[in-house]
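Hello,

Here is the structure I promised to hand over. My notes follow it.

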Amino acid sequence: MAEQIVREDVEKLIQAPSACAEVVAAGKRYLEAVGTADEAAAREALIGELKEDVCSIDDLIAFASSPSGEAVFGKEAAAAEAAKANGEPNCLCDACQAGARILREAGEA
């Protein structure tokens, strides 16, 4: 049996400024499908999108340390390094944090 995805986490995901258009669309489709015959397919689509999109802490560190990342984050790679040292496995942005929670709730992480 599939684990329960918490509606509030999907809502946080689709409202996150860092969420890409594809994951927002998948999240909205899932929320609309809850309780219908389309729920299982929408769930699988959301999980698939999250597996592609949720970044690891190492990906964040690499990006934040790059010239493009510095333009986005400034010199904040140290926060990602500290999070990694404290055991955080995922990117610190709102979308990745919500996505990682959803993957755990779904039994996929």
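From the N terminus, the protein chain reads α-α-α-α-α-α-α. That makes seven helices and zero strands. Helices (H or I, at least four residues) and strands (E, at least two) are DSSP runs, numbered from the N terminus.

Two notes on the source. This is a predicted model, where local features need pLDDT of at least 70 and side-chain atom pairs count only at pLDDT 80 or more, while totals for chains, interfaces and linings use all residues. Residues are numbered from 1 along each chain as its sequence is written, and side-chain values use heavy atoms, with hydrogens and water left out.

Overall form: the C-alpha atoms fill a box of roughly 45 × 25 × 20 Å along the principal axes. The protein chain has 109 residues, and 39% of them count as buried (under 20% relative accessible area, 1.4 Å probe, protein chains only). Take the contacts (heavy atoms within 4.5 Å) with a separation of 6 or more: 61% join residues 24 or more positions apart.

Now the largest pocket. Its volume is about 190 Å³. Of its 17 lining residues, Ser18, Asp53, Cys55, Cys93 and Cys96 are the closest to its centre. A pocket here is an open set of points on a 1 Å grid over the protein atoms alone, where a 1.4 Å probe fits, with protein on both sides within 12 Å along at least five of seven lines; lining residues have an atom within 4 Å of a point. The volume is the space filled by probe spheres set on the points, which are joined across faces, edges and corners. α3 (39-53), α4 (57-64) and α7 (94-105) each supply at least two lining residues. α4 gives the most, with three.

Best wishes

Terms used:
Buried < 20%, exposed > 50% of the residue type's maximum accessible area, 1.4 Å probe, protein only.
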